[in-house]
Amino acid sequence: MKVSFTLAEIEAIVQPARAQGATTETIRAIASLGSAQPGDITFLGNKRYKTAVGSSRASVVLLPLDFTGAPGPNQVHLFVENPSVALARMCSRLERELWPKPSPGIHPSACVSPAAKVPPSATVGPMCVVEAGAVLGERVHLEAGVFVGRGTEVGDDSWLMPGAVVCAECTLGRGVRLHPGVVIGADGFGYELVGGRHEKVPQVGTVVIGADVEIGSNSTVDRSRFETTAVGEGTKIDNLVQLGHNVVVGRHCLICAQVGIAGSVTVGDYVVIGGQCGIAGHITIGSGAKIAAKSGVKDDIAPKASVWGQPSMPLLLEQKIIILRSRLPELFKRVDALERKAGGKAG
Amino acid sequence: MKVSFTLAEIEAIVQPARAQGATTETIRAIASLGSAQPGDITFLGNKRYKTAVGSSRASVVLLPLDFTGAPGPNQVHLFVENPSVALARMCSRLERELWPKPSPGIHPSACVSPAAKVPPSATVGPMCVVEAGAVLGERVHLEAGVFVGRGTEVGDDSWLMPGAVVCAECTLGRGVRLHPGVVIGADGFGYELVGGRHEKVPQVGTVVIGADVEIGSNSTVDRSRFETTAVGEGTKIDNLVQLGHNVVVGRHCLICAQVGIAGSVTVGDYVVIGGQCGIAGHITIGSGAKIAAKSGVKDDIAPKASVWGQPSMPLLLEQKIIILRSRLPELFKRVDALERKAGGKAG
Amino acid sequence: MKVSFTLAEIEAIVQPARAQGATTETIRAIASLGSAQPGDITFLGNKRYKTAVGSSRASVVLLPLDFTGAPGPNQVHLFVENPSVALARMCSRLERELWPKPSPGIHPSACVSPAAKVPPSATVGPMCVVEAGAVLGERVHLEAGVFVGRGTEVGDDSWLMPGAVVCAECTLGRGVRLHPGVVIGADGFGYELVGGRHEKVPQVGTVVIGADVEIGSNSTVDRSRFETTAVGEGTKIDNLVQLGHNVVVGRHCLICAQVGIAGSVTVGDYVVIGGQCGIAGHITIGSGAKIAAKSGVKDDIAPKASVWGQPSMPLLLEQKIIILRSRLPELFKRVDALERKAGGKAG
């Protein structure tokens, strides 16, 4: 990020209760206490690290009101109620620089069907394709090369990044963010073996993505066989995740990278699924469940349960078994010894 | 899907032997027995669920000829030889509405090399790029933003969805479907360590995809080092699957989501590979083998074998071991007790 | 590949010390000893396979100087210092045919901001989008449909393949290759739960890709929270790999397909990570470490260590445990027998 803030500009953003020290630097980046260089702003987010403040080379340090200690040479301490919140304000400000609000309008290179609805407040970037019957909400932003298929609705304030694809007849709620390369609404994986060939089962359902859902780069959400693949409001999905047809994910879940959820799974609300987990088809994950990374889940999971393993088990049991598994060499030796003592292999 | 069918239109599609009841609804969607609402059509695909028919709120129910039971109020029973087949006919009809046959021709925004061959029956969508020497078959459909590289051949009736990429000098057979974001023919992953640097081994082979192969969103099939990466006729591949260079997959296989097959693996015909499996390089999977989800396969698999686990073992053995593994805490206690009884730790 | 070489052309490329035999074939492909057909060139790369030379149907065989044995009918033996190096020369030549050096210039369909810098030696393919402030180096090649965001720098001689996406304010070094569908610089996965909703933590850092890095199809590298996600010089990354925000990968690593590295992981130099491995967040992998396929790593790994398993353990221990695990049925029986001998279940 090529940004530059004067100390006065930073004070206007974070509104410190008081300041100490002085610097001749303009601020060009944010960094952690340990890696900050002159020209950086840093923060003490966790009091555990307060001893690191003294040796930080940052030009500006955001500190809690009760911090004691003098700034170094060419360094400013800014005292704020909550340094993490103050930093978040800096980040939001940077975010606006990084992703400035686009001018509304349709780029001349875009291909928008006359039978699509695009309000004057929406932005359609270069090389986008918006097919007949598609409806974009207010202030929708399609970055370059986005595809919106026939009859698809995109809710107000949604933001689709370069190369995202939403196939025909899907629905995105308000404030949805699709990162680059996301594919929504391609066919589910369904075949019937007839005479030695896999005959395609037509996938004529749809996908409904709730408000404030965010989906990471190159993730895929398949359309259902004939009903609805759904992701609930506020759920956040990381990169390279696969949701099969007829999957229904609840609200405010977190689904980490490279998770795969097979067809017709139901996931409750506030479920957390660690990276690279796989969920077998046609099961139910209760609300509030936590599934640790790399687990394979093949049976229903109770609400609020914590599980781990392949196949997954209660978390504490799996943790215990992992330790015992590593002691198998010892166990075999102990059984060998018992057998010797008992007079040869028992049978 | 915004569709609407009158009862007469539905009868024309499914051709019932007889009908019972009446409805004032037009039919706008397909749903399962349990979730159907007025305006939906549903079906009894499996006689196990016949008790659910009585309470279904669907407006139209497809039923086998021998079903007994009266329709509810504002509900029609349609009796057919095979309700699943009848439903499939409804789905096919819906599919035609969802994906109407495109008009042939090249969209003015597409960039087609004068040295490419595009027959008048083909459809090239907006923002497509077709390079010199590429050859499209009859009725090929490239949706928006598809890339077809130099010298690549696409068989008759193939359908490439938005953003699919087929690099230079590859061959797709007749009736191939590539879902959005698929990448065919990028370089295989091959290097030689020379003087502390990984020198690239040129990947100058090709990829040949057989007839009626379907490949899911964002899956990748690498070109071979100098021969051919191949996928046999009728094989179906789900989303986010990786096929490395020189992989040869047989005919009529099913490869589920997020599977990875390393370089130079040979897979027979009618192999089924569950989600998130990994197959190590240079091995052979016999025809008819079944590999359960999340397995890691590092040795050859015999034809028709069923395997599971990481590393994979015969399915029945792995199932047994999974149970015994969960009993490790008990086993350690039993060995502790035996040692106590035997007078202290044996040695 | 539709290529054709006369024997004289091949001799000019591989410069044999001597030749034996004669062929009327022109050479149209490279193949291994066993699968070669008339019209193919093959090579003896490993002396273990020398008995396969006699039965090879290749028209031209590259052989080491000390090979003894006469060519078959219509076959030529070319004797060279190192057949593998000679084959690599053939491959490089084929690579130039397969990916001919493009003519510099900006395709008329591309959308390049007047505020971007594109030198006359660069090639910008059809449908590309290059935003304001982006800087392309000398001889950069953007194939069709590439996106380069605001303020992003692409080093000299870098090659971005169809549909690759590099978001705003990232940096690619010299000679970087991004395969189709790669996404660099999308948001990291960071949220804070506030009042029952996952509030987005702005991701305002950047991504820096070192010189000579190659990244495979549809892989994703997220931008950092506020510092830098980095991949060191010479590292090679396969397809469908996920690197989370703030990950720092060293130089000359090999990262195989479908690996996932969670946020804030540090990976040293010359690390090799097998396919489908997962690395948990905030840990350090020492230089020269080797992580076998499908491992799950949740703790720091020492330099040069070899690990395997989920969770990963020292390689030799994991190999031993895998064998013992498969003997669990036997172990349970032995403990049963010991208990019977000891007079009933001990307790």
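1. Residue A:K290 lies in strand β34 of chain A, which spans residues 290–291; strands (E, at least two residues) and helices (H or I, at least four) are DSSP runs, numbered from the N terminus. The model is a predicted one, in which local features need pLDDT of at least 70 and side-chain atom pairs count only at pLDDT 80 or more, while totals for chains, interfaces and linings use all residues. Residues are numbered from 1 along each chain as its sequence is written, and chains are lettered from A and ligands numbered from 1 in the order in which they are written.

2. Leaving aside residues up to four places away in sequence, A:K290 touches A:V272 and A:S306; contact requires C-beta atoms, placed from the backbone, within 7 Å. A:V307 is 17 residues from A:K290 in sequence, and their C-alpha atoms are 6.4 Å apart.

3. Chain C contains an open sheet of five strands in the order β1-β5-β4-β3-β2, with mixed pairing (two strands pair if DSSP finds at least two bridges between them). Its edge strands, each pairing on one side only, are β1 (18–21) and β2 (29–30) of chain C. Four bridges join β1(C) to β5 (residues 76–80) of chain C in the antiparallel sense, and C:G21 stands opposite C:V76 in β5(C).

4. Helix α1 (residues 7–14) of chain C packs on this sheet and touches β1, β3 (40–43), β4 (60–64) and β5 of chain C. The direction of α1 makes about 15 degrees with that of β5(C); axes are lines fitted to C-alpha atoms, for helices over the stretch in contact, and angles run from 0 to 180 degrees between N-to-C directions.

5. The contact between chains C and A takes 50 residues from chain C and 51 residues from chain A. On the chain C side, α4 (328–341) is among the elements that supply at least two residues each, and α4(C) gives the most, with seven residues. The residues of this side divide into 24 nonpolar, 16 polar and 10 charged (Ala, Val, Leu, Ile, Met, Phe, Trp, Tyr, Cys and Pro count as nonpolar, Asp, Glu, Lys and Arg as charged, the others, including Gly, as polar).

6. Chain C superposes on chain A through a rotation of 120 degrees with 0.0 Å of shift along its axis, at an RMSD of 0.1 Å (by least squares on C-alpha atoms of residues with pLDDT of at least 70 in both). The two copies are therefore related as by a three-fold rotation axis. They use different surfaces, and 20% of the contact residues of chain C recur in chain A.

Note on methods. Contact = placed C-beta atoms within 7 Å.
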